Amino acid sequence: MNKQLYPYYISRIIFSTAFGILLYVNGMVAWQAILFTVVLVLLFILSPLSGRYSVHPEFGIFALRRDERTQVINDRAARNAFVACMLAVAAAIVFFPGYITAHFGIVMLKWLLRAGVVVYCVSDIWLRRSYQ
């Protein structure tokens, strides 16, 4: 952990704790709220190391910014996921026209959306490694 980023880390710990308390007050079991808070804090701690943001410690609690490089990578990964989902929908309609019923369509949509998220994540990681 970078000492210059302590204001960022402290603000994110406060935010995560407040969100965990809000979840607990709204009916979540205590151990689940604590686990969610810990996972959220860990994600905030790993964010400056992920390469998804440019880190500017001089901005205090707003230390993470998006620059042109990270925005271009994000846009390309989203485009890749959208194209993959649309191609999969087209293939399902062409190859399984008789099976497209209401129930099967919803099940298929769930799997296509999951596949889109996987394509986005893989594409994002691949683009971040290749655009260094």
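**Close-up views of a predicted model**

**View 1. The loop residue Met28.** Met28 is found in the loop that lies between helices α1 and α2. The structure shown here is a predicted model. With a relative accessible area of 29%, Met28 is partly exposed. Leaving aside residues up to four places away in sequence, Met28 touches Leu23 and Ala33. Leu64 is 36 residues from Met28 in sequence, and their C-alpha atoms are 30 Å apart in space. Also on display is Gly27, which follows α1 and has a positive phi, near 115°.

**View 2. Helix α1 and its buried residues.** Helix α1 comprises residues 6–25. Its 20 residues reach 28 Å from the first C-alpha to the last, close to the 28 Å expected at 1.5 Å a residue. The buried residues of α1 are Tyr8, Tyr9, Ser11, Ser16 and Gly20. These buried residues pack against α2 and against strand β2, which covers residues 64–65.

**View 3. Val25 in helix α1.** Val25 has its place in helix α1. Is Val25 buried or exposed? Val25 has a relative accessible area of 62%, and therefore counts as exposed. Between Val25 and Leu40 there are 18 Å in space, C-alpha to C-alpha, and the two are 15 residues apart in sequence. Leu40, by contrast, is one of the buried residues of α2.

View 4. Helix α2 comprises residues 30–46. It has 17 residues and reaches 24 Å from its first C-alpha to its last, close to the 24 Å expected at 1.5 Å a residue. Which residues of α2 are buried? They are Ala33, Thr37, Leu40, Val41 and Phe44. These residues cover an arc of only 100° around the axis, so they are on the same side of α2. The buried residues of α2 pack against α1. On the face turned away from this buried side, α2 carries the exposed residues Trp31 and Leu43.

**View 5. Thr37 and the residues it touches.** Thr37 lies in helix α2. Thr37 is buried because its relative accessible area, 15%, is under the cut-off of 20%. Not counting residues up to four places away in sequence, Thr37 touches Ser16, Thr17 and Gly20. Of these, Ser16 and Gly20 are among the buried residues of α1.

**View 6. The aromatic pair of Phe19 and Phe36.** A search of the whole structure finds four aromatic pairs. In one of them, Phe19 and Phe36 are tilted, with 5.7 Å from centre to centre and 40° between the planes. This pair links distant parts of the chain, since Phe19 belongs to helix α1 and Phe36 to helix α2, 17 residues apart. Are these two residues buried or partly exposed? Phe19 has a relative accessible area of 31% and is partly exposed. Phe36, at 35% relative accessibility, likewise counts as partly exposed.

**View 7. The aromatic cluster and two arginines.** Ring pairs link Phe15, Phe19, Phe36 and Phe44 into a cluster. Phe44 is also one of the buried residues of α2. Which residue lies over the face of Phe44? Arg12 does so, at 5.8 Å from the ring centre. Elsewhere, Arg114 lies over the face of Trp111, at 4.8 Å from the ring centre.

**View 8. Two cysteines without a disulfide.** A disulfide is a covalent bond between the sulfur atoms of two cysteines. How many disulfides does the structure hold? The structure holds zero disulfides. The cut-off for a disulfide is a pair of sulfur atoms within 2.5 Å. For the sulfur of Cys121, in turn, the closest cysteine sulfur is that of Cys85. Cys85 is buried, with a relative accessible area of 13%, whereas Cys121 is partly exposed, with a relative accessible area of 37%.

Note on methods:
Residues are numbered from 1 along each chain as its sequence is written. This is a predicted model: local features need pLDDT of at least 70, side-chain atom pairs count only at pLDDT 80 or more; totals for chains, interfaces and linings use all residues. Side-chain values use heavy atoms; hydrogens and water are left out. Rings of Phe, Tyr and Trp (its six-membered ring) pair if their centres lie within 6.5 Å; planes under 30 degrees apart count as stacked, over 60 as edge-to-face and the rest as tilted. Helices (H or I, at least four residues) and strands (E, at least two) are DSSP runs, numbered from the N terminus. Buried means under 20% relative accessible area, exposed over 50%, partly exposed in between (1.4 Å probe, protein chains only). A charge sits over a ring if NZ of Lys or CZ of Arg is within 6 Å of the ring centre and within 35 degrees of the ring normal. Contact means heavy atoms within 4.5 Å. The expected span of a helix is 1.5 Å times one less than its number of residues. The arc is that of the directions from the helix axis to the C-beta atoms.
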